[in-house]
Amino acid sequence: RLADGSLFVPKSVQHQWGLRTAQVALQEASATVEFSGKVVADANAGGIVQASQAGRIEPGPKGLPTLGQKVVKGQPLAYLRPQLSSLERSANLAQLAELEAQLHIAERKVQRYAQLEGSVPQASIDAARIEWEALKQRRQAVAAGLQASEVLLAPVTGTVSAVRAVIGQVVDAKDVLFEIVDAGRLGVEALAYDAQVLKGLASASAVIPGGSLDLQYVGGGQQLREQALPLLFRVKDAKAPVAIGQPVKVIAQTTGKVKGAPVAVAALVKGSASQASVWVHTAPERFVLRKVSVQALDAGRVVVTSGVSSGDRVVVEGAGLLAQVK
């Protein structure tokens, strides 16, 4: 480090550290706004499986689904055997016994009318036969309600992302048992605290560890939620794996313009007083730290609005190593 604060770095050290520079040029770029958001499942490509009534969980044809398992729409995941109280079961058994008695009487009536065919009006014979058939169907429905299990089907095709059921578990109505998502169809929900930013939103991107997400603006709500307007973006391309509920920073481009030099985010370092700075390659072996003002451009770039000029060579790789030189 020289007396004026600049650095003298020999070419051999530059090569060893892997320093890379890029020549910048002042130009007009899209103004951006930043939102805090989180990754959500596409409402049309994800779903949940809930218990429609109280009951006991039984395994499906291939056992209970596991995390990460691929399922298709309509696939049986488990069975729900209704859990009746002793009073409810007694009432159903009493109703079944009453239907059995009525069915026996109706059957004898049909047989007696069959023997008197010709002397009994055909309308009475038909009515007795219809009553007999209706009682048989009622008995079958009540008996099935006592024994049959409800089949829990996958509502969509996707991957099982949550399992909250085990064999033999007793659940209540509306309990969520399984969650299914399509990892290829995700979205990002963000919150905007200024309704004016909804005008002119164009493309957007989200910053995530190890990569970024290319987003497409879908729309925004008109009702405040947590004192903010919810915005929805669709993930067009994910350059790194993400999880449902993962927090992200959304950078959305607007129709406004700002003049500056686009550079990679990796070029930024913290200078004195933690102010954003960049290293400028002013000579073959000399680097100067300059304080700059920046504005986010997308997930991987920022716009330097002051502090550099057209033609300056800015360090875009290895800037952190230069900042450690004493």
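Me: Which residue is the bridge partner of V160 in strand 11?

Reply: Happy to start there: I180 is the bridge partner of V160 in strand 11. Please keep in mind that this is a predicted model, in which local features need pLDDT of at least 70 and side-chain atom pairs count only at pLDDT 80 or more, while totals for chains, interfaces and linings use all residues. Residues are numbered from 1 along each chain as its sequence is written, and side-chain values use heavy atoms, with hydrogens and water left out.

Me: What makes strand 9 and strand 11 a pair?

Reply: Two strands pair if DSSP finds at least two bridges between them. Strand 9 (residues 158-163) and strand 11 (residues 176-181) are joined by four bridges and run antiparallel, so the pair meets the rule. Strands themselves are DSSP E runs of at least two residues, and helices are H or I runs of at least four, both numbered from the N terminus.

Me: Why is E28 called exposed?

Reply: Exposed means over 50% relative accessible area, buried means under 20%, and partly exposed lies in between (1.4 Å probe, protein chains only). E28 has 61% relative accessibility, so E28 counts as exposed. You will find E28 in strand 3 (residues 27-41). Leaving aside neighbours within four places in sequence, E28 is in contact (heavy atoms within 4.5 Å) with K257, V258 and K259.

Me: Why is S205 called buried?

Reply: S205 comes to 6% relative accessibility, so S205 counts as buried. This residue of strand 13 (residues 203-208) touches L213, L215, K249, V250, I251, D298 and A299, not counting residues up to four places away in sequence.

Me: What makes R286 and D4 a salt bridge?

Reply: The rule asks for a side-chain nitrogen of Lys or Arg within 4 Å of a carboxyl oxygen of Asp or Glu. In this pair the closest N and O atoms are 2.7 Å apart, and the contact counts as a salt bridge. The partners come from distant parts of the chain, 282 residues apart: R286 is in strand 19 (residues 286-291) and D4 in the segment before strand 1 (7-8). R286 is partly exposed at 28% relative accessibility, whereas D4 is exposed at 53%. By this rule the count comes to nine salt bridges.

Me: How do you know that D126 and R129 form a salt bridge?

Reply: Their N to O distance is 3.8 Å, which falls within the cut-off, so the pair qualifies. Both lie in helix 3 (residues 122-147), three residues apart, about one turn of the helix. D126 at 32% and R129 at 35% relative accessibility both count as partly exposed.

Me: Why is the pair D312 and R290 said to tie parts together?

Reply: D312 and R290 form a salt bridge with closest N and O atoms 2.8 Å apart. D312 lies in the loop between strand 21 (301-306) and strand 22 (313-317) and R290 in strand 19, so the pair ties together parts that are 22 residues apart in sequence. D312 is buried at 15%, while R290 is partly exposed at 26%.

Me: Which residues lie nearest the centre of the largest pocket?

Reply: They are A183, G184, L186, A238 and V242, from a lining of 13 residues. A pocket is an open set of points on a 1 Å grid over the protein atoms alone, where a 1.4 Å probe fits, with protein on both sides within 12 Å along at least five of seven lines; lining residues have an atom within 4 Å of a point. The largest pocket holds about 170 Å³ of space. Strand 15 (residues 229-238) gives the largest share of the lining, four residues.

Methods:
Grid points are joined across faces, edges and corners, and a volume is the space filled by probe spheres set on the points.
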